[in-house]
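Dear colleague,

I am passing on the structure below, together with some notes on what turned up in it. Please read the notes with the coordinates open.

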Amino acid sequence: MTASTDDTVVAIATAPGRGALAIVRLSGPRALEIGERLVRPWPPEARHAQLARAYDDSDTLLDEGVIVFYLAPASFTGDDAVEFTCHGGPIVPATIAAAFVSAGARPAEAGEFTKRAVLNGKLDLLQAEAVGDLVDASTRPAQRVALSQLDGGLSRRIVELREAILGLEALAAYDIDFPEEDDGPIPPTRILESADRVIGDLTQLVATAPVGEIVREGAVVVIAGAPNVGKSSLFNALIGRRRAIVTDAPGTTRDALEAVTEANGWPIRLIDTAGLRETTELVERLGIEVSREYLERAHVVLVCGESDASLEEARLAVAAISKAPIVETRTKADLMSPAERTGNGSRHVLVSAETGEGIPALGRAIAAALQSTNGALPLDAPLVTRERHRFALELARAELQQFRDAFAGGGVPAVVAAVHLREATRVLEELIGAVDVDDVLDRLFSSFCVGK
């Protein structure tokens, strides 16, 4: 059931656990009344930070901190709001939030503060999603794209496309309603060219979806090869810390290990997998099956070997499973003889987890492989980062294509063909939240943290 926006809600806006500071957030029609009742002294004006003490209903001191209040609509939510910065830890912020609840607020639901910002017109739906993406960002590219979307970059592009469709709809309506005006009817070629232009713009935006997914989720980069060729050591070297257990015993890695990092600006999900080999040991065999699953959905595979023979054998095994670009990686380069190095030339990337040799070059090779299949990483341009975005844009494009085909064929009355334009406009309006989208809102904000 959707919570009422007439309630005053409270939540701890900072992460739980031990910390120097925490923020207790209060928003709604009674926020100032409840705040003034329990926090003293009260700031003389809005947006003025005041050192104050928080009390419960029995006038027991709970903490000393900093209070700030905001008057509607000049707040994040668009409602009256209060933020009390107190000492961190599990008890202090919890007792202050409980005191606000006792005074008449109710605990906020997940994402309710941001949901209210959308309902009050402070953010559109794409910007609200960007808030969640920014909180979840684990790489700098994800942070950068989320900030751009929060600033309205993608929203502005969607609005431009919507305006272009409305312009096309106006041309079609003029042709329908005023066919015999002095200026003459609108040339059909003008309407068709306008339709083609908008279809092309939508296609270009949809084409950013694969890169957008990589930015948001990270490209899957799988380290694969035979057992005991240095895969786990390479995994540790690439992420800069010890995550994988490294021993001389083959089959040490039984399950896939995953870490998020970057390769020359590309966000990647680095996967250390079990060594590829035939085995009768049940647990290791299950680990190898997991390796195969990762290889099937990899964006790039680092095929590892400690000799030319083991590297070629691993390459053939991976090529039979994965269609992803392969970066051939000669591990344990510190043990190679000068003759082996000379013979290698530039065929393989030579790396040593022991000395760090080749790690920067491997990062560049990963980035080059990703760029070869996905194009450049356009962090400053609007990107489609969610399946919801892609689906809506493809649906709008399909409606426009149906309009164009019907209008060009002439077998369908123009007034009927124009229905497709109205549907394309509605789809884009729903994408940014310009129409009633209660179900979309409920699904979106259920994934948010409480207090955001």
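In strand β6, F84 is the bridge partner of I67, and F84 is likewise the bridge partner of V24. The strands behind these bridges pair in the antiparallel sense, β5 with β6 over 5 bridges and β2 with β6 over 7 bridges, where two strands count as paired if DSSP finds at least two bridges between them. Helices (H or I, at least four residues) and strands (E, at least two) are DSSP runs, numbered from the N terminus.

Please keep in mind that this is a predicted model, in which local features need pLDDT of at least 70 and side-chain atom pairs count only at pLDDT 80 or more, while totals for chains, interfaces and linings use all residues. Residues are numbered from 1 along each chain as its sequence is written, and side-chain values use heavy atoms, with hydrogens and water left out.

The protein chain has 17 helices and 13 strands, and buried residues make up 48% of its 452 residues; buried means under 20% relative accessible area, exposed over 50%, and partly exposed in between (1.4 Å probe, protein chains only).

Helix α1 (residues 31-38) has A31, L32, I34, G35 and L38 as its buried residues. They cover an arc of only 165 degrees around the axis, which puts them on the same side of α1, the arc being that of the directions from the helix axis to the C-beta atoms. The buried residues of α1 pack against β2 (21-27), β3 (39-40), β4 (50-55), β5 (61-70), β6 (81-87) and α2 (92-102), with contact taken as heavy atoms within 4.5 Å.

The structure also holds 31 salt bridges, each defined as a side-chain nitrogen of Lys or Arg within 4 Å of a carboxyl oxygen of Asp or Glu. One of them joins R53 and E64, whose closest N and O atoms are 3.4 Å apart; because R53 lies in strand β4 and E64 in strand β5, the pair ties together parts that are 11 residues apart in sequence. R53 counts as partly exposed at 37% relative accessibility, as does E64 at 39%.

Another salt bridge is formed by the side chains of R388 and E129 (2.9 Å, N to O), and this pair links distant parts of the chain, with R388 in helix α14 (residues 387-409) and E129 in helix α4 (residues 125-136), 259 residues apart. Here R388 is partly exposed, with a relative accessible area of 23%, whereas E129 is buried at 3%.

Best regards
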